[in-house]
Each structure stands twice: as C-alpha cells, then as structure tokens.
Amino acid sequence: SDLGETLMAIVKVPFGKEKIEINIPDERYNGSLVSGAHSFKVDKSETEIVKSAIENPINSQRLRDLVKGKNNIVMIASDHTRPVPSKVIMPVVLDEIKAGNKDAKLTVLIATGFHRLTTREELIYKFGEDIVDREDINFVIHESWKDEDMVEIGVLPSGGKLIINKLAVEADLLISEGFIEPHFFAGFSGGRKSVLPGVASQVTVMANHCSKFIDSEYSRTGILENNPIHKDMLYAAEKANLAFIINVVINEDKKVIDAYAGHFNDAHIKGCAFVKELSGVDAIPANIVISTNGGYPLDQNIYQSVKGMTAAEATCKEGGVIIMVTDCSAGHGGQSLYDTFANEKDKNKIMKTFLDTPMEDTVADQWESQILCRILLKYKVIMVTNAPEQMVRDMQMDYAKSVDEAIKMADEYLGKKNEKITVIPDGVSVIVRN
C-alpha cells in the first residue's frame with residue numbers, strides 16, 4: 001500500500017438485522033474465532049434435511065407411529081428470542097402427524113421460559129401466517145408466573161419443585177422442536193431445555209438457575225457432564241414424558257445444516273456432539289476481544305448479550321477489554337438485571353449477595369446478573385450498541401458510538417496503542433477451548 005496507509009483486516013459482524021464492517025490494523029489483528037458451522041457445506045435443502053431426520057429417528061419410533069390413537073398432541077416450540085427456523089420444521093412435522101393420525105388436534109405451546117410473551121407479529125415471523133392462522137392448530141403462549149396454568153409433577157435432583165405447564169402434562173403425546181447451539185450455562189440449547197426452562201413455572205426456573213449452580217465450573221458452554229443445571233433439565237423432560245424431539249443445527253444465516261429427531265436425550269446428545277465438533281475453536285488470547293451476540297433475534301437486549309460476552313471472557317486476558325457489538329434496541333431486557341448494577345456500585349458486594357442467596361430465594365434474572373458480574377470483576381466491557389448510553393453506564397459498562405471509538409477507548413484504558421485484538425464475529429455460536 002502507499003506510504004502512510006495502514007493495511008487493514010476487515011471483519012464483517014452481525015448487528016441486529018444488518019452486518020457491519022470492523023476495520024483493524026493488520027499488525028493488531030490477532031485472528032477471528034469462527035464456528036465451523038458457518039462454512040459447513042450441505043447438499044440438501046433445509047426441508048430435506050429435516051425430513052430425513054424425521055424419517056430416521058434416533059432410538060425412537062417414527063412420529064407418524066407415535067401419534068396413532070393420540071388426539072391431544074402438544075408440541076413445545078421456541079419463542080421469539082431463538083432463531084429456530086420453525087417455518088421449515090413445522091410443515092414437515094404436520095405432514096408426519098397427519099400421515100399417522102388425520103384427526104389429531106395440535107397445540108403449539110410457545111416455550112417462553114422466563115422471557116416476556118411472544119407477540120402475534122413474532123409468531124408470524126417465525127412460523128409464517130399460513131401456519132399461525134390454521135384452524136387445526138392452537139397456539140398457546142406459556143406464562144411462567146401464572147400458577148393456575150401449572151401443575152407440580154415431582155422434585156428435581158437439585159431439590160427444587162418441578163412445576164410445569166399443565167397443557168404439557170395433560171397431552172396424550174408431548175413433542176418439541178428446537179435448535180442446538182452452545183449455551184453459556186446449560187452447555188447446549190435444545191432437547192430437554194424445551195421443558196425446563198421452556199414451559200416450567202418461574203418457581204422451577206429459579207431453583208434450577210440458582211447461584212450455586214451458575215457458580216459451578218461445569219455450568220459452562222459446551223459442557224453437559226456433571227453440569228447440575230443440565231441434570232435438572234434432563235429429569236424434567238423425562239418426568240414430563242417428552243416423547244419425541246426434532247432439533248436442528250443452523251449456520252450464521254440461520255439456515256438448517258443438520259437435524260436430529262427421536263428420543264429426547266439420545267437425539268439431543270448426538271446433535272450436541274456434532275455441534276461441539278463444529279463449534280469448538282481454540283482461544284486466541286488477547287487484551288482486547290470484540291464479540292457479538294450473533295445479530296437478530298439474540299441481540300435485541302443487554303440481558304441476552306451476556307451470552308456473547310462469555311465467549312469473549314474465554315479468550316480475553318484477565319484485566320483486558322471486551323468490546324461487545326450488539327444492537328439492544330429493546331434496551332436492557334431485564335429490569336432486575338438493570339437494577340442490580342444501577343443500585344449497587346460494588347461488584348464484589350453484588351457477587352457475595354448472589355452466592356449467599358439460597359436456592360429457594362433466587363430472584364428473577366439473577367443468573368444473568370451473576371454471569372455479568374463475574375465478567376465485570378475481571379474485564380472492562382465497552383458496548384457498541386443502540387441501547388441508551390445512560391443505561392449502559394448505569395449497568396457499569398462503557399459506551400461507544402462505533403467500534404473504532406471503542407478500540408481507542410480500550411487503548412486509553414490499557415495505556416498502550418498496539419495491543420492485539422481478537423474478534424468473535426458470532427459470540428453465541430462458538431465453544432472456546434482454553
């Protein structure tokens with residue numbers, strides 16, 4: 001290049017429904033951590049992949065055989081915070097159900113877990129209007145705080161009460177759809193997670209997401225073995241008689257690249273093994289790490305964006321800077337998450353409060369606050385976001401209008417101009433190996 005011009009590494013990252021370009025001087029660019037899912041090549045259409053999984057279930061009868069004589073079928077489906085391509089999955093599942101039992105009534109129970117309720121617009125975005133308006137399908141949104149909708153069916157291994165939506169319990173056949181991706185404390189999403197937290201009472205979610213479990217070294221991305229949160233979730237799915245799952249694996253364009261159907265645990269474990277192999281990346285330690293939350297729908301709020309921060313946490317040197325590039329047009333996404341950091345400036349005190357909180361006294365969003373606190377105790381976090389600047393500052397993070405500005409702020413903070421920068425273009429899609 002001409003004298004005086006710096007060679008730049010250009011990395012495209014998702015931000016909301018757009019992509020933005022990040023420019024990093026060549027000599028500072030340390031590399032990108034990218035899931036193999038993004039370059040994984042498939043020779044079948046999305047529908048063909050889902051069909052093939054449903055036709056060849058793992059350790060289970062075919063769904064068309066399971067539905068025989070079962071008239072009240074409940075299918076748990078993901079909510080607006082998950083990029084599950086229900087438009088692709090649902091028609092295949094419906095064909096299979098109708099092939100086995102043309103009179104079956106189908107209720108789609110939206111697994112909001114502890115999230116806000118899904119809107120009609122969001123259902124249409126996910127399933128398509130033709131499916132949302134079908135006469136033979138009843139859509140119900142799970143409301144975890146409505147005790148009258150719940151029924152207690154057991155005691156979790158952790159000792160918490162297992163209380164779930166009674167529609168799931170009263171079903172002749174309970175099935176679920178979902179997707180498998182790395183999850184920052186359950187190890188992986190999908191499978192058993194559609195029951196707990198998906199359609200569980202807030203009481204049960206609180207017990208399962210308690211501070212002791214979140215603090216466990218096994219409650220981490222990509223870990224199922226000895227993970228106390230996973231253990232509870234497995235028990236819940238078994239107790240609820242989750243009979244059949246269809247879980248997909250998606251790439252960065254949210255397109256299906258693989259699918260697993262059948263037994264709720266065996267099919268899920270197989271899918272997790274594939275995702276682990278595909279998503280595993282070796283850490284590239286740096287003092288500055290840029291991460292994202294994978295774009296829409298997962299980067300709608302600060303609450304969800306803690307996930308992408310945990311990927312950065314796994315490769316950032318202690319005392320370093322995490323630059324979080326995440327839209328957050330919907331704001332914080334959790335009032336108590338916001339209040340925790342806005343009302344108490346001493347992070348050590350915040351963490352001690354969490355760790356001293358007994359399981360049965362877990363409060364809303366405590367798990368997210370606890371993980372954010374763990375990160376803020378070790379790193380400076382600068383957010384490049386559409387969330388209000390004051391809100392970001394109230395939550396003890398720094399705010400930058402652009403990635404360039406964030407890098408300048410990081411340089412100032414570190415007192416050096418040439419620190420290496422590692423980029424994680426999709427922070428929710430990787431399992432960072434240390």
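The entries below go from the ground rules to the individual pairs.

Entry 1. I am working from a predicted model, in which local features need pLDDT of at least 70 and side-chain atom pairs count only at pLDDT 80 or more, while totals for chains, interfaces and linings use all residues. I number residues from 1 along each chain as its sequence is written, and I take side-chain values from heavy atoms, with hydrogens and water left out.

Entry 2. I looked up the salt bridges (a side-chain nitrogen of Lys or Arg within 4 Å of a carboxyl oxygen of Asp or Glu), and the count came to 17.

Entry 3. I turned to Arg120, which forms a salt bridge with Glu129 at 3.5 Å between the closest N and O atoms, and which also forms one with Asp133, where the closest N and O atoms are 3.2 Å apart.

Entry 4. I then checked accessibility, where buried means under 20% relative accessible area, exposed over 50%, and partly exposed in between (1.4 Å probe, protein chains only). Arg120 is partly exposed at 40%, as are Glu129 at 43% and Asp133 at 41%.

Entry 5. I found a salt bridge between Glu419 and Lys416 at 3.2 Å, N to O; Glu419 is buried at 13% relative accessibility, whereas Lys416 is partly exposed at 44%.
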